[in-house]
Amino acid sequence: MPHADLPPVDGRPEVDGEPADGTVEVDAAPSDLAFGVFSDHPPWVLDDRDGMPWQRGIDELRARTRASVPELTRVRRVPPGGRLAVTARHLGPALAGWWLGTRRRRRSGTDSVADLARRLRLAAEALGPTYIKLGQIISAGRGVFPDVLVSEFERCRDQVPAEPFPLVRATVEAELGRPLHEVFERFDRRALAAASIAQVHTARLRTGEEVVVKVQRSTVADRVGADLAVLAWVAPHLIGRIPVAALANPPALVELFAETISEELDFRLEAQNMLDVSRVLAELGQRRYVVPRPHPELVTRRVLVMERLHGFAFDDLAAMAEAGIDPADLVRAGMIGFLEGAMLHGVFHGDLHGGNLLVQPDGRVALLDFGITARFDEHRRQAFLRLMLGGMTNDVLAQLAALRDLGALPADTDLQQVSDDLGLEGPTLDPTTLSADQLVAEVRRVLKALLGYGARMPKELMLYVKNLLFLDGAIATLAPDLDLLGVIAEVATHFATAHGDRLAAELGPGRSASLEVDLEGVKASLGLDPALDGFTYRDLQERRALIRSRLAGRERAG
């Protein structure tokens with residue numbers, strides 16, 4: 001990732017001659033590769049994976065952070081007045097303008113939700129980092145929120161101005177307890193990237209290692225607390241009043257947001273996420289991935305110093321061709337690695353997108369930014385495992401039971417009644433055979449039934465869906481002619497071959513036969529002809545385009 005270095009901090013000279021590359025010269029493979037998928041030429045070796053100073057009490061810290069969510073989202077009688085006033089100044093006109101224009105839009109046939117989405121996105125950008133982060137979470141919820149809302153909030157990505165360097169410097173020095181020049185030989189004043197919670201700078205340590213420094217925005221922690229109090233107070237008043245929520249109503253969305261952002265505010269948790277995901281991938285033999293090493297000492301709540309990795313963009317097909325990398329192979333490896341981590345270890349990177357992935361010339365993929373990492377406890381991991389295998393074998397009741405155990409449905413839900421109400425065990429409707437009115441009616445029927453049962457979207461399941469949507473887009477870009485049915489069979493065969501004994505043991509006696517994928521059931525769930533031999537992503541896109549065109553025609557007619 002090229003960048004233009006700025007002058008050294010305080011004008012101090014850099015090392016004479018060639019700049020230090022910061023790598024440790026070793027004859028054998030670095031010892032920490034035994035427990036992590038790290039680079040082969042490290043700036044440092046993590047000799048003690050559990051005894052670094054910033055790891056002290058890390059499990060208790062994570063537990064306290066999670067336990068703080070109910071208090072963060074508690075509906076107070078009176079929210080923070082100043083922040084409420086600021087929020088009302090931006091959000092109020094957005095909602096009022098949308099509501100007042102309803103009749104005019106109906107006469108002209110324009111989309112009410114599109115108008116509301118645009119107004120909400122502009123209000124979020126005006127309100128700053130917390131609301132931009134919320135918009136980014138919504139933008140990852142295609143399939144959970146209306147497409148027009150998701151598309152609008154996708155514009156919130158990476159549009160946050162960087163903080164001035166004096167604020168960055170003050171944060172780093174306060175966190176590390178030393179002047180900048182005592183730690184860094186060079187610290188680039190211009191941010192390499194800036195996001196809603198933090199920004200990253202390239203630097204070189206006094207000991208010569210090239211690093212990336214992630215620095216939390218100076219006021220974001222206080223701002224998030226106040227914004228969550230306002231959102232929690234406002235959310236109940238929005239139920240049923242704005243058409244922006246599907247399975248996540250406004251209070252549930254605020255809770256999901258609080259669960260996600262609270263862990264992002266402590267970089268010690270992120271550094272541990274890096275180690276845990278790296279360990280899981282190593283145990284699974286997934287050496288197609290590389291995770292940057294966090295520094296053994298330079299990690300605090302608001303500053304994270306890590307190894308700098310290089311590569312080219314995940315969608316750079318020309319660079320892949322030059323390096324002799326098969327894009328379809330990259331997609332397959334991504335699907336298997338993602339699913340294995342979730343199903344077998346309950347840990348996976350929760351924020352896959354192009355900006356968090358670098359493809360290295362040898363075909364390995366560097367994973368970046370572990371602020372959002374999904375973690376299933378053992379009960380939910382086994383439920384997720386049953387959900388995936390239920391999907392492979394087309395077992396509807398097993399999938400519903402797994403969703404219940406994941407928290408997506410209340411514990412006392414009558415699963416057979418849900419299946420009957422939704423018609424899940426009957427013939428599958430092919431959406432391409434329905435008219436626009438029939439499509440809308442079917443979606444509304446399903447959503448109404450789910451909401452009636454108290455359905456919600458748990459954080460981990462939301463992140464899983466979010467990653468699936470990224471992989472969906474990656475296939476569209478990298479391998480549109482990939483046979484999806486073939487990939488499903490290939491992934492199922494891999495799991496049965498590599499993990500069959502473990503999966504059978506976890507599922508219980510008599511369940512080993514369920515590890516074989518039911519391709520006929522998969523075809524039925526997609527509304528495909530049972531005689532179909534192959535189904536490419538390009539075919540899937542054509543079906544989606546047909547559905548979208550019918551819905552668009554209905555909007556114009558309305």
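Predicted model: local features only at pLDDT ≥ 70, side-chain atom pairs only at ≥ 80, totals over all residues.

**Entry 1: Ala67**

I began with Ala67, which I found in helix H1 (residues 58-67). My helices (H or I, at least four residues) and strands (E, at least two) are DSSP runs, numbered from the N terminus. Buried or exposed, Ala67? Ala67 is exposed, with a relative accessible area of 55%. For the record, exposed is over 50% relative accessible area, buried is under 20%, and partly exposed is in between, with a 1.4 Å probe and protein chains only. I also checked Ala67 against Glu259: they are 192 residues apart along the chain, and their C-alpha atoms are separated by 9.5 Å.

**Entry 2: ground rules**

Residues are numbered from 1 along each chain as its sequence is written, and side-chain values use heavy atoms, with hydrogens and water left out.

**Entry 3: the whole chain**

I stepped back for the overview. The protein chain has 22 helices and twelve strands. Of its 558 residues, 52% count as buried. I then looked at contacts (heavy atoms within 4.5 Å). Among those in the chain with a separation of 6 or more, 72% are between residues 24 or more positions apart.

**Entry 4: helix H3**

H3 covers residues 81-100, 20 residues in all. From first C-alpha to last it reaches 26 Å, close to the 28 Å expected at 1.5 Å a residue; the expected span is 1.5 Å times one less than the number of residues. Where does H3 bend? I get about 35° at Ala88, taking the bend at a residue as the angle between axes fitted to the seven residues ending there and the seven starting there. The buried residues of H3 are Arg83, Thr87, Leu91, Ala94, Gly97 and Trp98.

Ala124 sits in helix H5 (residues 112-127) and counts as buried because its relative accessibility is 5%. Leaving out residues up to four places away in sequence, Ala124 touches Tyr131, Ile132 and Phe153. Ala124 and Phe153 are 29 residues apart in sequence and 9.1 Å apart in space, C-alpha to C-alpha.

Val215 is in strand E4 (residues 210-216), and at 2% relative accessibility it counts as buried. With the neighbours up to four places away set aside, Val215 touches Val168, Thr171, Val172, Ala198, Gln199, Phe267 and Arg302.

**Entry 5: a cavity**

On a 1 Å grid over the protein atoms alone, a cavity is a set of points where a 1.4 Å probe fits but cannot get out, a pocket is an open set with protein on both sides within 12 Å along at least five of seven lines, and lining residues have an atom within 4 Å of a point. Grid points are joined across faces, edges and corners, and a volume is the space filled by probe spheres set on the points.

I count three cavities of 30 Å³ or more. Of the 22 residues lining the second largest cavity, Tyr289, Gly334, Phe338, Leu352 and Leu367 are the closest to its centre. Elements giving two or more residues to that lining are H12 (267-283), H14 (327-345), E9 (347-349), E11 (365-367) and H19 (459-478). Which helix gives the largest share? That is H14, with six residues. The lining of this cavity splits into 16 nonpolar, five polar and one charged. Here nonpolar is Ala, Val, Leu, Ile, Met, Phe, Trp, Tyr, Cys and Pro, charged is Asp, Glu, Lys and Arg, and the others, Gly among them, are polar.

H19 is mostly covered, with 14 of its 20 residues buried.

Asn467 is in H19. Why is Asn467 counted as buried? Because its relative accessibility is 0%. Beyond residues up to four places away in sequence, Asn467 touches Phe338, Phe348, His349, Gly350, Asp351 and Leu352.

**Entry 6: a pocket and Asp369**

Last stop, the second largest pocket, volume about 900 Å³. Of its 44 lining residues, those closest to the centre are Ala193, Ala195, Gly355, Asn356 and Asp369. The lining of this pocket divides into 24 nonpolar, nine polar and eleven charged.

I looked up Asp369 on its own. Asp369 lies in the loop between E11 and strand E12 (373-375), and at 28% relative accessibility it counts as partly exposed. Asp369 has a positive phi of about 60° although it is not a glycine.
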